Amino acid sequence: MARPSPLQVRNLVVAVLAALVAIWNVTHGGQWWITALFGAGCVLALGSAALNRAG
């Protein structure tokens with residue numbers, strides 16, 4: 001298995017943080033659109049990590 005690139009690691013960290021913020025926002029009664037933005041950011045970061053894999 002190939003070692004992940006620094007870009008992939010960054011994207012995965014951003015995806016996890018975005019998911020945590022979205023969950024925190026939902027549990028604290030935040031605005032729905034903020035949750036949607038962080039959810040979209042999580043999906044885009046995961047997609048970027050997948051597209052930037054080796055070979």
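Mentor: Start with exposure: a residue is buried under 20% relative accessible area, exposed over 50%, and partly exposed in between. Keep in mind that this is a predicted model.

Trainee: How is S5 classed, buried, exposed or partly exposed?

Mentor: S5 has a relative accessible area of 25%, so S5 is partly exposed. S5 sits in the segment before α1.

Trainee: What about R10 and V9: which class does R10 fall into, and which does V9?

Mentor: R10 is partly exposed because its relative accessibility is 48%. V9, at a relative accessible area of 40%, is partly exposed. Helix α1, residues 6–27, contains V9, and R10 lies in α1.

Trainee: Which residues make the nonpolar surface patch?

Mentor: V9, V13, V16, L17 and L20 make it, and the patch covers about 440 Å².

Trainee: How are two packed helices described?

Mentor: By the angle between their axes and the distance between the axes. Here, the axes of α1 and helix α2, residues 32–51, come within 8 Å and cross at roughly 160 degrees. An angle over 145 degrees counts as roughly antiparallel, so α1 is roughly antiparallel to α2. The crossing of α1 past α2 is left-handed.

Note on methods:
Residues are numbered from 1 along each chain as its sequence is written. This is a predicted model: local features need pLDDT of at least 70, side-chain atom pairs count only at pLDDT 80 or more; totals for chains, interfaces and linings use all residues. Side-chain values use heavy atoms; hydrogens and water are left out. Patches are made of residues with over 30% relative accessible area and no salt bridge: like charges are joined within 9 Å, nonpolar side chains (Val, Leu, Ile, Met, Phe, Trp, Tyr) within 5 Å. Accessible areas come from the Shrake-Rupley method with a 1.4 Å probe; for residues, only the protein chains shown count as cover. A salt bridge is a side-chain nitrogen of Lys or Arg within 4 Å of a carboxyl oxygen of Asp or Glu. Helices (H or I, at least four residues) and strands (E, at least two) are DSSP runs, numbered from the N terminus. Buried means under 20% relative accessible area, exposed over 50%, partly exposed in between (1.4 Å probe, protein chains only). Axes are lines fitted to C-alpha atoms, for helices over the stretch in contact, and angles run from 0 to 180 degrees between N-to-C directions. Angles under 35 degrees count as roughly parallel, over 145 as roughly antiparallel, 65 to 115 as roughly perpendicular and the rest as oblique. A crossing is left-handed if the near helix is turned anticlockwise from the far one by less than a right angle, and right-handed if clockwise.
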